[in-house]
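Me: I am new to this structure. Please show me how to read its features one by one.

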Amino acid sequence: MDEWGMIAPEASDEAWVAISAPPAPPVSCEALSLHSLRFDPDEPNRILATISNAGPVPARLDRVTFHWPNHPGYPQMKLDWFKLNKRTIWDGDSRRHPTEVALKGPERRRMVAPREEAVWKVKISQGPERIDQVFPIEWFGVDMAVSLGDMQCELQLPPTPPPPASCDGLTVSSLQFEEDHPDRLQATIYNGTGLPALLNRIVFQWPKSQDYPKMRLDWFKLKDKKIWNGDSKDHPADVILSSAPSKRVLFPGEQAEWEVRIKKGPKPLAEVFSPDQFAVTMYMDVAGTQCAVASKPAAPPPPAPTPTPSPTPVLEGPPVDGNPNDMSGADQICLYQADAPTNPLARIQYMQVVASDGTPQLHVALILDKSFVDNTYGANSLGYYDKRGRPKQHRFRDLVGSDHAQIYFEDANGQRVLEIKIDYISPSDAFPSGYGSLGVRGGDGSVILGDPNWILATGTSLSYNFNELGYVLTQDSPATDANYTPNPDYPDWIYDVVYEMRIDMAAFGQAGLGNIGIDHVHASPSKVGVNSLPVVPGPCVP
């Protein structure tokens, strides 16, 4: 025994050393990861994600929040269950967006072992046959609350928001008689919005005939499925669709055939009528935005005046500021709703001017009618109603959010040489008020066709109110009445929505200026319940 009371080893024994166990590694949420959200390749109506646990202790899944898109074409679409490693951890029935579930099942089913990669899965039912053909995976997301010992961890795979709703990209071709079915017409609908579009209403214009007094509409079809089975002699026929939404939906990028059958009329229809005597307007819902898209009008619109340069160009011309009151003497085109050519929804004023350096230019103002949209908002909104006909507020942020004008220019040969979108108003430090129109170079503005250098200047009336007049009102516009009587505190406030621009005449080349126009008027929201309406040109009645 040695001096410390330990028994010394025999001389023949090997020396020994005491070894202690290494300290346990610290527990950290960094050991967990959530990744690889994807459609199940074998069952495309199921979505998978991978949970990796690189740490030394088991991880317990406590809560799951699943983000998934709300599709108007499939109002019954729902989540059926969640599974982890093929074991059910939630067996529910949820249509909530997003769906948040606090998991309460057996803990052993919810565990991810150390150094394990586990597969989480969700089943979606009562939706499209293949969800992966309707939605991009980026529109889905999942958040998970995970316990790692006594530590609470949050794992996230956030969704990418869908693109903003817009009617731009919805088109309906002209109507044509079907060769194989002499009593039918068809048109092609294309959804280029990037979002699903739900067809809710159809207005079909068709000619009356004394020779066929019993002629009537039999049905409408979309993608070879009946969406209305009626018996109508109305002119026009205005049909609110109530068939299954799944039959009426157009997916992003989809092109679909629409058909109408006319019975008890001539066979073939083409022996008596021409396609130009028929027209259809489709009313669609794109993520809550109401859109109206028309084919050709039922009858040719009144001939529009052909824009020509003013005989005597104006030197310099009015400023490009969004104030249309200084365009006296300008020529004018009026734009009417395609199926209601009575009151114009917009006017285009234009005049040729000459800059101080001798450059010929075109000065244009697009003025939207105050029956469609105006610069009243907040507590002083005028003429805005919800779907039930109750007054609602037009908000300043509605004007900032997505409003723009799309206008095109043709040369004298009928060739479209320039098409632009002008931003109405956006937040910007470049303006004294902090808000202003960014023209074609920002906000909702862009150059669709042509040389951006041809757009010399742009302006809008709300930008003028804020920056030229100094009326910076972001909550409530000046109070006024139905006659838009000037408010004494803001006497020069412009209530019209105006887009003004200056175009280099070089855009029209040797041919010179031909036509100026717009395909639709847009405001979000408008006063008529539809944010975009197709328009056709016509003469301006004094």
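Reply: Start with one pair. Cys334 and Cys540 form a disulfide, and their sulfur atoms lie 2.1 Å apart. The model is a predicted one: local features need pLDDT of at least 70, side-chain atom pairs count only at pLDDT 80 or more, and totals for chains, interfaces and linings use all residues. Residues are numbered from 1 along each chain as its sequence is written, and side-chain values use heavy atoms, with hydrogens and water left out.

Me: What counts as a disulfide?

Reply: A disulfide is a pair of cysteine sulfur atoms within 2.5 Å. Cys334 and Cys540, at 2.1 Å, form one.

Me: Which hand does the disulfide of Cys334 and Cys540 have?

Reply: Look at the torsion about the S-S bond. For Cys334 and Cys540 the torsion is about 120°, so this disulfide is right-handed.

Me: Which parts does the pair of Cys334 and Cys540 tie together?

Reply: Strands and helices are DSSP runs, numbered from the N terminus; a helix (H or I) has at least four residues and a strand (E) at least two. Cys334 sits in strand β23 (residues 331-337), and Cys540 in the segment after β35 (532-538), so the link ties together parts that are 206 residues apart in sequence.

Me: How many disulfides does the count give?

Reply: The count comes to three disulfides. Number the bonded cysteines of the protein chain in sequence order, and the pairing reads 1-2, 3-4, 5-6.

Me: Take me to the pair that holds Cys29. What is its partner?

Reply: Cys29 is joined to Cys153, S to S 2.0 Å. The link of Cys29 and Cys153 has -80° about the S-S bond and is left-handed. Cys29 lies in the segment before β1 (32-39) and Cys153 in strand β10 (residues 151-157), so the two parts tied together are 124 residues apart in sequence. Cys29 is partly exposed at 25%. Cys153 is buried at 2%.

Me: And Cys167: what does it join?

Reply: Cys167 is joined to Cys291, again by a disulfide, S to S 2.0 Å. The torsion about the S-S bond of Cys167 and Cys291 is about -85°, so the link is left-handed. Cys167 is in the loop between β10 and β11 (170-172), while Cys291 is in strand β21 (residues 289-294), so the pair ties together parts 124 residues apart in sequence. Cys167 is buried, at 7% relative accessible area. Cys291 is buried too, at 1%.

Me: Now the backbone. What do most residues and peptide bonds look like?

Reply: Most residues other than glycine have a negative phi, and most peptide bonds are trans. Look here for the cases that go the other way.

Me: Where is Pro98, and is the bond from His97 to Pro98 cis or trans?

Reply: The peptide bond from His97 to Pro98 is cis, with omega near -10°. Pro98 is in the loop between β5 (87-94) and β6 (99-102). Another cis bond runs from His235 to Pro236, with omega near -5°. Pro236 is in the loop between β16 (225-232) and β17 (237-240).

Me: What is the phi of Asn85, positive or negative?

Reply: Asn85 has a positive phi of about 50°, although it is not a glycine. Asn85 lies in the loop between β4 (78-84) and β5, and is partly exposed at 32%. Asp224 also has a positive phi, about 70°, and is not a glycine. Asp224 lies in the loop between β15 (216-222) and β16. At 58% relative accessibility, Asp224 is exposed.

Me: How do I read a sheet, and when do two strands pair?

Reply: Two strands pair if DSSP finds at least two bridges between them. Here four strands form an open sheet in the order β30-β27-β26-β33, with antiparallel pairing.

Me: Which strands stand at the edges?

Reply: β30 (446-449) and β33 (513-517) do; each has a single partner strand, so one side of each has no neighbour in the sheet.

Me: What joins β26 and β27?

Reply: Strand β26 (residues 404-411) and strand β27 (residues 416-423) pair in the antiparallel sense over seven bridges. Among the partners, Ala405 bridges to Ile422 in β27.

Technical notes:
Buried < 20%, exposed > 50% of the residue type's maximum accessible area, 1.4 Å probe, protein only.
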